[in-house]
Amino acid sequence: MPPAMSQISDPKIAFAYLRPACVLLTKEPTLSNVQILGAQLKEVNDVSLQQLQDYVLFPLRFVLKVPGPKKDNLVQAVANAICYILENTCVQSWNTLHDLFSELCLCLCCPTDPGKPVDASEELKLSILKCLNSLIHAAYGDIVFKLYEPGMLPGLGAAVSLLLALAEKEKSREIQGAALKLLLVLIQECDCSQEHVDCTAQRMTIGRTVASFLPGISTAVARIITGDIRQGHRVTVRAMKVWSGTVGLVMEDSQLQCRFPVETSAPELGRVGQLLVQRTEEWVKSTAARLCVLLKKLVSCTSAHQHWKVRLALVELADDLFKRCGQSLTECVGSLLDALVGAVNDDEPRVRDRSELALREVSQRNRQISGGDDGSRNICKTFTDILSENLHSLCTSLPRLMRTSDDQKKLFVLNVFLGYVKLLGPLVSVVLSSAAHLERVSKALMQVLELYVMDVRIVEERSYTDMDMDSGSNSHVQRKHFMYFTDDRIFFVLMEICRTLGYYGNLYILTDHFLGLYRQSSVYRKQAAMVLNEIVRGAAGIAVATGGEDLESKDGGPSGLCAEEDLRAAVESIIEEYICINNWHLMTVSEETDRDKQDQKILSPSRLLSISNTEITSSSGPLHLVPLGSPASTSHLHQLNSNIWQLCVQLEGISSSAQALGQGFGPLLMTSLYPVLEKAGEESLLVSQAALGCMWDMCKACGYPSLKVLIIENSDYLLNDVSLNLQRLSQHPQAPRVLTVMLTHSDCSLLPLVGDIVQDVLTALDLSYDHTAALFCSVLHALMKSLARWFPSSRCTAREPSKSEHGATEQEEFNIGQFLLDYRKQKELAEGIGIEDDIEDTVDTDVPPHSEPDYVNDIGGPDVKKELPNHLQITKNIMERCIHLMSDPNLRLRLKVLDVLELCISVLCEMENELLPMAHRCWPALLQRLTADDPLAVLRAFRVLCTLGETCGDFLKRRVSKEVLPKLSSSLRHQAPVSARAGPVYSHTLAFKLQLAVLEGLGSLCQRLDLGEEDLDKVCESCLLYLSCRQPARLQEASLSVFRHLIQVDPDTFWFILNELHCPSDFSSPPHQDLQPVRLSGMGRPRDEYTDNVVKLLREAFDSPTTSMSSS
């Protein structure tokens, strides 16, 4: 297109320029002539074109009127030319507007069936739709409103039908969007910047005419909105604007409230007059009822749409109808509110903000109406009644919706629920004062929040008393599983609903009602506790969304926060109910007798994998499928699962109470801390974690920096309760757990306070060890673990560095010249040369000088044994009990006792005078565990043996050499072929774990005990088999660690042994002619399964062949 300055501005010149093309087109209506005229039109400016509008439109309209079929490209070119004229000029004549409108609509009609769209190309349809759009916008002044006169109803109706058919049936999204856009233009609701309607009379005229088409438009567009999702979000959004604009125009309150006289149809209209709709009260009421049905369907289909723009369009639709048709569409208020409040918690911020703005405006209009006259107050009352009734209706259908809908629909329904509560604001307390409403809301929450208690893993997970909880609050929170939903967002919305109820509702009414449900039935107990916990948090204003507060309280309305005294009273009643005996002391694990029976089945003689019973081990294979003992019934497991979750929820309730009261929770700490400590020592992992998390919340609420400070500051009354309850253990079997948790999470300042209690525990253990051993051993284990942490030993940590440093020093001081001199001297002595001189030197060197005996100086001194420190005396007393309990038939108890014994040895390692006698006494029982026990016990016992070897090596040397090492070596030799041919599953068996533990500890044990050559040969012979590349990788690495330690003990011997297996260097050519060639078995041997690991050891331990040979 040429620039504007080059366009023709003189109308006469423009006429002369355009006339030949117009005449030619009239004579020959061809595509090329249309294109020539279209090109010339662009060279005329808008002013001249306006004066020549009718002249240049005539040949183009003439082409459309020529009878007979016309090609699509010709009609499309004509439509494009007309569209250019209309976009740059104004239509000032009604006749021109009417004729063009009719002619263009005929181009869209099928010639044989005018009610259907023409079967033409998509480009043609788009051009005609664009031309019609330009025509309506080009209408000048009021002439466009003549389209909406009664006489135009048939033609306008035909156009609307065509557009609806195109929008609904066409597959092209562009045609669908263009047709819907033209519908918006026809009802003067387009989204352009131009203002089309200036006064109420004009809007009345359009609304009266469009009312005749309302049923067809609303129904057809509703089908488009709820149709195939593949049509794209743009079509859906445009259709929702059409639906909103049409309904808003026809049902607008401002139009319906104007008392214009009822117009009667003129006689000249004839049958056309019957098409006119009189918007009477009866018509409005019946139409609103039909629209309500469609609106519910629209909200249901678009509220959870995947695209946020569709959800935003729904919010704008609801807001627009609220503003324009709030009174005429009273029946639709519920559905409109559902659309608005359902988007309050939308994931998209733009949807969420728009919804909150719309709801805020609704609330403000509600308050303005409530301040008016009596009639207005009645309207406000009706609005509040609608909210409460919708909430009641939603609660009625909520359980069914949660069972039958998908998660997206469930989330929307709950967001609607939450939106209603926020919209009611402080009026929630008024609504819930109705027993029917409160009962319906509570029962809906009880059914929706039903927990899934079929997961057996919850019962199987076990806790450990040495969990690290000093770094912060609970690091792992178990995810709750529910019967009717899986999405975590649904749970979060439910909890927010409960908090909002607590924020706005009457705390006393809610607490009493849900405590009643808690007591009423065990079916509702967990759900009622969850609701109560969130109500307490909401009453304190914790995690309550501000949007709901702004709806009612932004202008100085009442706040939802309750008084601290009321909150404390509610919390006291809730905690009292939670920690009562029937609700607190619940069974979370199977009874001990059931576990013992299962142990006996697992530990039957035919299934033992002990060190001594090597024949059974090798013949039974690497895998043992152990059938469970008589399992507990399914209902029993489900009851245990239910009890675990109930305790967790109740512990969360105490946490919520501490968060809600803050420093005000201090007076309740005396009554709640001891029960929480009981649960922190539970065997169930879930309960223990929940209790520890609860303790952290108590710390934060009461101002304690850590669990240690919390326990020490309150240790006086806690230990008093523990002491009293230990005396009545049958009534308070949880007392040892409290002591265990206190020891685990405190420091040495607690030791003087627990001394008497520890003595009481040992006495009780002596009197009835068969009944209380398992319970008290956990306490002793926690005590010894704490003592090892409070009083760390420096000897054990310093032993290993000193050894390595000593070995490095010896390596540095090695001198080959001195080695050869010593070798020559030893050879001469062996031949009897110079033996007399050597004996004299030995006598002179070995005879010590005469000295006074030490006891001469101590003749007058008293023979008094130094008193042991308190923690060492306690350790010695505990170790004496372990000696007797190591032979207990219960495997779990034996394992626990071995753990305690290992800790006792670590604590006593610096007191050899006390440790060696105790080690002598415990050796027989420990040897039994090492050689004839379950593999699990063998693993623990071997670990204890390694710890003993670190502290009293010489004491154990002969015992290990004679009683333990032969059986360990034999077991390793017999199990090596099994592990060499086993698959990857073998690494999960007890046999593998036993091999790995022995290999990992055997090397360091041999080095610490400084075993003799014969013992080292046994170890070497059994461990060489594990250097094979066929063994599992972890066993190979463990075997390498054994040889690394053995090389430090006797490097020459093991250099020779390894080179006998495989010698990577050639020693056949000596470096000097006086030296004899060296022949080793491993020289020239081809690669085999041992080669890689042998070469690796030689390279690590011996730097070069020369050094290795000289060392040999």
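**Close-up views of a predicted model**

View 1. The buried positions in α16 are V333, G334, S335, L336, L337, A339, L340 and V341. Buried here stands for under 20% relative accessible area, exposed for over 50%, and partly exposed for what lies in between, with a 1.4 Å probe and protein chains only. Helices are DSSP runs of H or I with at least four residues, strands are runs of E with at least two, and both are numbered from the N terminus. The model is predicted, so that local features need pLDDT of at least 70 and side-chain atom pairs count only at pLDDT 80 or more, whereas totals for chains, interfaces and linings use all residues. Residues are numbered from 1 along each chain as its sequence is written, and side-chain values use heavy atoms, with hydrogens and water left out.

View 2. Side chains of opposite charge can pair when their charged atoms come close. A salt bridge is taken as a side-chain nitrogen of Lys or Arg within 4 Å of a carboxyl oxygen of Asp or Glu, and by this rule the count comes to 40 salt bridges. One of them joins R324 to E189, with the closest N and O atoms 3.3 Å apart. R324 lies in helix α15 (residues 308-325) and E189 in the loop between α9 (173-186) and α10 (200-210), so the pair ties together parts that are 135 residues apart in sequence. R324 counts as buried, at 15% relative accessibility. Both residues belong to a network of salt bridges that links E189, R203, E252, D320 and R324.

View 3. K65 forms a salt bridge with E103, where the closest N and O atoms are 3.3 Å apart. This pair links distant parts of the chain, with K65 in helix α4 (residues 53-65) and E103 in helix α6 (residues 94-108), 38 residues apart. E103 is buried, having a relative accessible area of 11%. In the other bridge, the side chains of D899 and R940 meet at 2.8 Å, N to O. Here too distant parts of the chain are linked, as D899 is in helix α44 (residues 891-907) and R940 in helix α46 (residues 935-951), 41 residues apart. D899 is buried, with a relative accessible area of 13%, whereas R940 is partly exposed, with a relative accessible area of 27%.

View 4. A pair of aromatic rings is described by the distance of the centres and the angle of the planes. Rings of Phe, Tyr and Trp (its six-membered ring) pair if their centres lie within 6.5 Å, and planes under 30 degrees apart count as stacked, over 60 as edge-to-face and the rest as tilted. By this rule the count comes to nine aromatic pairs. F1043 and F1054 form an edge-to-face pair, at 6.4 Å centre to centre and with 80° between the planes. This pair links distant parts of the chain, F1043 being in helix α50 (residues 1033-1049) and F1054 in helix α51 (residues 1051-1061), 11 residues apart. Both F1043 and F1054 are buried. Elsewhere, ring pairs link F482, F485, F491 and F492 into a cluster.

**View 5. Two residues with positive phi.** Most residues other than glycine have a negative phi, and most peptide bonds are trans. Phi of A543 is near 55°, a positive value in a residue other than glycine. A543 is found in the loop between α25 (525-539) and α26 (546-553), and at 44% relative accessibility A543 counts as partly exposed. D1010, which is not a glycine either, has a positive phi of about 55°. D1010 lies in the loop between α48 (990-1009) and α49, and is partly exposed, with a relative accessible area of 46%.

View 6. A222 has its place in helix α11 (residues 214-225), and at 6% relative accessibility A222 counts as buried. The C-alpha atoms of A222 and T236, which are 14 residues apart along the chain, are separated by 9.7 Å.
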